[in-house]
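This report describes a single protein chain for a reader who is new to structural analysis. Please examine the sequence and the three-dimensional view before reading on.

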Amino acid sequence: MTQRPKYACRACEDGVIQAPAPARLIEGGLPTEATVAQVLVSKYADHLPLYRQTQIYSRQGIELDRSTLAD
């Protein structure tokens, strides 16, 4: 989770200022860098096939299709 604090200055006329959100790894996508890293480490370092990763995520209540992980 990214925290972006809001700052305000009573003497300034700009009002409330908030830092821009950081760019996403996949533009317009929901997965974070941590999610993509987890899938890649499981696949290539742990030699865990995508269908098994899909089963693991479904036990945790996360419905991910194998084709989504492959993309």
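In this predicted model, residue Q53 is buried, because its relative accessible area of 2% falls under the 20% cut-off for that class. Q53 belongs to helix α2. Once its neighbours within four places in sequence are set aside, the residues in contact with Q53 are V39, S42, K43, L48 and L69.

One of these partners, K43, takes part in a further arrangement. The charged end of K43 lies over the ring of Y44, at 5.3 Å from the centre of that ring. Pairs between aromatic rings, by contrast, are absent: the count is zero.

Which residues of helix α2 are buried? In this helix, which runs over residues 50-59, the buried residues are L50, Q53, T54 and Y57. They lie on the same side of α2, because they cover an arc of only 105° around the axis. An α-helix has 3.6 residues a turn, so residues three or four places apart point the same way.

The cover over the buried residues of α2 includes helix α1, residues 33-45, and helix α3, residues 66-70. Just after α2, G61 adopts a positive phi of about 90°.

**The chain as a whole**

The chain contains three helices and two strands. Followed along the sequence, these elements are arranged as β-β-α-α-α.

How does the radius of gyration of the chain compare with that of a compact globule of 71 residues? The chain has a value of 19 Å, whereas such a globule would be near 11 Å. The C-alpha trace spans about 60 × 25 × 20 Å along its principal axes.

The following table collects further values for the chain.

| Property of the chain | Value |
|---|---|
| Share of the 71 residues that is buried | 11% |
| Share of contacts with a separation of 6 or more that join residues 24 or more positions apart | 2% |
| Accessible surface | about 6200 Å² |
| Share of the accessible surface that belongs to carbon and sulfur atoms | 55% |

Taken together, these descriptions move from one residue to the whole chain. Q53, with its relative accessible area of 2%, is among the buried residues of α2, and buried residues make up 11% of the 71 residues in the chain.

Key
Residues numbered from 1 in each chain as written. Predicted model: local features only at pLDDT ≥ 70, side-chain atom pairs only at ≥ 80, totals over all residues. Heavy atoms only, no water. Phe/Tyr/Trp six-rings, centres within 6.5 Å; stacked < 30°, edge-to-face > 60°. Lys NZ or Arg CZ within 6 Å of the ring centre and 35° of its normal. Helix = DSSP H or I, 4+ residues; strand = E, 2+ residues; numbered from the N terminus. Rg over C-alpha atoms; globule rule 2.2 N^0.38 Å. Buried < 20%, exposed > 50% of the residue type's maximum accessible area, 1.4 Å probe, protein only. Contact = heavy atoms within 4.5 Å. Areas by Shrake-Rupley, 256 points an atom, 1.4 Å probe, with all protein chains shown as cover. Arc of directions from axis to C-beta.
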